[in-house]
Structure formats: structure tokens, C-alpha cells
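The sequence and structure are shown below.

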Amino acid sequence: MPELPEVETVRRGLMAVFEGATLIKAEQNRADLRFPFPKDFVARLEGHKVHSLGRRSKYLLADIEADKVLIMHLGMSGSFRIETEQTKKMPGLFAHTRSKNEKHDHVAFHLAPPNAPNVKVIYNDPRRFGFMTLAKRSTLETHPLFEKLGIEPLGNALNGAFLSKRFANKKTPLKAALLDQRIVAGLGNIYVCEALWRSGLDPRRSANTISGRSGNGTKATERLAHDIRATLHDAIEAGGSSLRDHVRADGSLGYFQHTFAAYDREGEPCKRLGCDGTIQRIVQSNRSTFYCPSCQR
DNA sequence: CCATGACCCTGTAAGC
DNA sequence: TGCTTACAGGGTCATG
């Protein structure tokens, strides 16, 4: 589930408890998630201070003293929740959900923030497509996970010229090209659908065909670059506001409600002003694509 | 290089 | 109320 906006929302929610805190204890409840945990995972974390909590694409990166970085990926179903004395004692509104899910609590970090009571941060992941590992901070860019990763979609590197260049000669459909993490890193199935809808582009169209002008006269790649950024920004804002300080009443962090224009709206009317089309669902690269055949061309 | 499908794993919703 | 099937927002790998 979590794409870049969700991961960014989780990062903001965890920042306050991670940054400057000492990792006094870590618990690891199984040997592996998607991948095995590194050797001595817990021991290599305990007793160390966390400098900062960052993000690259859909990866959360905790900078830890002594040139270490804790890499965390949420996969499809990963989420965090924060337990304090308060949330622990909170009566049963979420008790049912919680007990049901507790068997998927795989990791817990006990953190001592500089000027606040200790907290416990719990990682829960039913499908276990997420993972955690440790790396050297100073050589992170050459780490196998990051070596081939494309640009951040929220930075200045994403613009029309970049897309024009990377999409030239690409006959692959726009949908697949935008899902390719080696070009732009952090987009997933939902936000690719949403960005293409905003730009009025048909997801089936070959990537190399959008170097021309779009309807309003701007270059189509420029419009797409702009719409990708706008889509992500809006989703991050929605995440922030819907979580109230990014933490729900029960301490959970992860998914948030968001209204989509195309994604998961098969058979429903297109939301574009003046368009009377109906959202269709097709399958591309073995995944659902939602789009409006009448205004996405 | 590209496209496709299988796979990793569990939970949920829909259909019978 | 089962039971079965399809599908889910992540990514990787083998194959044609």
C-alpha cells in the first residue's frame, strides 16, 4: 500500500520520536521478513543514538551514530504504531483490531527521546513484503538497493526535459515507464494512475510519444512532471491533515484515507470538469490500471 | 533491451 | 454459515 506520500507521512510521524533519541532496546520477533534480518541486527542497534530520520523513494532511513543507517521498507502492508504509557492504557476502541494484528508485530524499538518520556515503536506487517536492514551511511549510494534508483519526484530533477530524455526511444507504455523505479523512484500503482489522469494521458500510450505539445500548449512531459509532483504533494498534505500531527489516536501510522480521481473508481463517472466519460479498469504489467478513455489520450 | 508471468505472504471481499 | 476464488498499494527473478 504505501507509496511515497504514505512513507513520507510515516516519516514525519516518526521523526519526533526517532530524532535525537537513544535506541535503548530493540526486539526482533522472527528471523526474516521479506529478507532475513542482518546478523546481530538488534545488537548493532542497541545503545546507539539516532541522528535523523530520512526518506529516499519508499525507503525510510534512520541515520544512526557510527556511520550506520537503518533501512526500512514497508512493502505492501507495513505500518508503525507508537506506544506510550497513554496509548497503552487507552481503552478498547481499537482493541479488537489490535489483538487481531499483534501476531504480525515483527519489530519493536524502545526509544529514549532527549526531552520526553520513553516510547515503543512497533513495526507490524501482515504480508511481510517489507524488510529492514543495516548499511554504512557513507557508501549508501552504491548499496545494491539504491545504486540503480531513479530521481526523487519531489526534487527539481523531475522536469519536462528529464522525462523527455528518459522517455525518448521508450516504446513501453507510460504506465510501465512511470512505475519503473530506475527512472523516477517512489511512484506506485495508485499515484501513477492519478498523475496520468491529471495530465490527460492514456496509460497505454508509448512513453516516447509524449514529447510534443499537450492540449494547453505546454510540452506534455512538462505537464506530466508538474502533475506528478502536484499529485504527490496533495497526497502528502491529505496524509498530514487526516492524521492530526501524523499520529492517530491509537498511535498507528501508515495508511490514510484519500480520495482518488481514477484509482479504484471503475465504472464511476470521470471527475474532470466537462468530461462525461466513465473510469475503466484494464490490466498492465499484471496490475490494475484505472483511467478515463474519453479524456486521457 | 522489452514484456510477461510467477513468486514472496496474509487478509479481505465477493460469489456460490 | 461455510468454502473458494480473486485481488491488494511492494519488488525480484526467470523466461521468451
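## Burial of strand β11

A residue counts as buried when its relative accessible area is under 20%, and as exposed when that area is over 50%. The model discussed here is predicted. Within it, strand β11 spans residues 287-291. Four of the five residues in β11 are buried, which leaves the strand mostly covered.

## Pairing of β10 and β11

Strand β10, formed by residues 280-284, pairs with β11 in the antiparallel sense, and five bridges link the two. One bridge joins V283 to its partner S288 in β11.

The two strands, β10 and β11, form a hairpin with two residues between them. In the turn, S285 has a positive phi of about 50°.

## Residues around DNA strand B

Of the DNA strand B atoms that come within 4 Å of the protein, 69% belong to sugar and phosphate. By class, the surface near DNA strand B comprises five charged, three polar and three nonpolar residues.

## Side-chain contacts to DNA strand B

Side chains approach several parts of DNA strand B. An N or O atom in the side chain of R127 is 3.0 Å from a base oxygen. For R128, a polar side-chain atom lies 3.1 Å from a sugar or linking oxygen of DNA strand B.

The side chain of K170 places an N or O atom 3.0 Å from a phosphate oxygen of DNA strand B.

Terms used. Residues are numbered from 1 along each chain as its sequence is written. Chains are lettered from A and ligands numbered from 1 in the order in which they are written. This is a predicted model: local features need pLDDT of at least 70, side-chain atom pairs count only at pLDDT 80 or more; totals for chains, interfaces and linings use all residues. Side-chain values use heavy atoms; hydrogens and water are left out. Buried means under 20% relative accessible area, exposed over 50%, partly exposed in between (1.4 Å probe, protein chains only). Two strands pair if DSSP finds at least two bridges between them. A residue is near a molecule or strand if one of its heavy atoms lies within 4 Å of it. A polar contact is a pair of N or O atoms within 3.5 Å; within protein, one must be able to donate a hydrogen and the other to accept it, and residues adjacent in sequence count only if both atoms are side-chain atoms. Ala, Val, Leu, Ile, Met, Phe, Trp, Tyr, Cys and Pro count as nonpolar, Asp, Glu, Lys and Arg as charged, and the others, Gly among them, as polar.
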